[in-house]
Amino acid sequence: MTVLVEEKGGFLEVICDEETIHTCDKKLFSRQLNRREYASREEFEEQFFELEYKVAFAFSLRKIALKSFHSQELKQLLQKRLIREATIQRLLTYFSEKKWLQDEEWLEYFVDKLIKQGKSAHEIFHKAKARGITKTALVPFLQNKNKVKEALLLLITKRYPQLLDKKSTLPIKQKAMAA
């Protein structure tokens, strides 16, 4: 059985018996795929699955070394590169076991950073959605931050009400903040 590799646009098509079996990203697979003889389609699938894993592993490792990722973000990145779902799950499991992907810590940092920038919960949800992170994953982190915010607001209203008064002058507000 002969397997051919044809370039179409930015992709490589793996063709067997005049049928396209796989479509791959050209940048990732250009050096690894070439015309070969295989005893059966199963043999090809097995070798291709291992090759895909090695290529995706190297690609993911390079990305993780440069920047911290949430697992959903990395998953989207691999899906854009046409990596199969089984390979993606295998990689994410391995990276999570090695603690190279720590979603809880990443989400906490992500929420803290955006709150410090003065972003609202609505804006944080939209930024997370753009990265492929679900709203339900963010809710616990935002609730903790809202409790702190509410406690500060309660303290200000009870102890320093002049800060909330729009008519009070700047020196009065400065004295209250200094206290």
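## Overall make-up

The protein chain holds eight helices and four strands. Both are DSSP runs numbered from the N terminus, with helices (H or I) of at least four residues and strands (E) of at least two. From the N terminus on, the elements run β-β-β-α-β-α-α-α-α-α-α-α.

This is a predicted model, in which local features need pLDDT of at least 70, side-chain atom pairs count only at pLDDT 80 or more, and totals for chains, interfaces and linings use all residues. Residues are numbered from 1 along each chain as its sequence is written, and side-chain values use heavy atoms, leaving out hydrogens and water.

## Surface and contacts

The accessible surface of the protein chain is about 12100 Å². Carbon and sulfur atoms account for 53% of that surface. Areas come from the Shrake-Rupley method with a 1.4 Å probe; for residues, only the protein chains shown count as cover. Of the 179 residues, 30% are buried. Buried means under 20% relative accessible area, exposed over 50%, and partly exposed in between (1.4 Å probe, protein chains only).

A contact means heavy atoms within 4.5 Å. Among contacts with a separation of 6 or more, 48% join residues 24 or more positions apart.

## Two nonpolar cores

A nonpolar core is a set of buried Ala, Val, Leu, Ile, Met, Phe, Trp, Tyr and Cys residues joined through side-chain atoms within 4.5 Å. The largest one has 26 residues. Phe29, Phe44, Leu74, Leu78, Ile83 and Leu101 have the most contacts inside it. At least two residues each come from strand E2 (11–16), strand E3 (19–25), helix H1 (26–29), helix H2 (41–66), H3 and helix H4 (85–97). H2 gives the largest share, eight residues.

Leu101 touches Ile64, Phe69, Ser71, Leu74, Leu92, Phe95 and Ser96, not counting residues up to four places away in sequence. Glu52 sits in helix H2. Glu52 counts as buried because its relative accessibility is 1%. Beyond neighbours within four places in sequence, Glu52 contacts Phe29, Leu82, Ile83, Arg84 and Thr87.

## H3 against H4

The axes of H3 and H4 come within 10 Å and cross at roughly 145°. Axes are lines fitted to C-alpha atoms, for helices over the stretch in contact, and angles run from 0 to 180 degrees between N-to-C directions. From H3, the contact uses Ser71, Leu74, Lys75, Leu78 and Gln79. From H4, it uses Glu85, Ile88, Gln89, Leu91, Leu92 and Phe95.

Within H3, Ser71, Glu73, Leu74, Lys75 and Leu78 are buried. Their cover includes H2, H4 and helix H5 (103–116). Lys75 belongs to H3 (residues 71–80). Lys75 has a relative accessible area of 18%, so it counts as buried. Not counting residues up to four places away in sequence, Lys75 touches Glu85, Ile88, Gln89 and Leu92.

## Two positive phi values

Most residues other than glycine have a negative phi. Leu82 has a positive phi, near 65°. Leu82 lies in the loop between H3 and H4. With a relative accessible area of 32%, Leu82 is partly exposed.

Lys99 also has a positive phi near 65°. Its place is in the loop between H4 and H5. Lys99 is exposed, with a relative accessible area of 57%.
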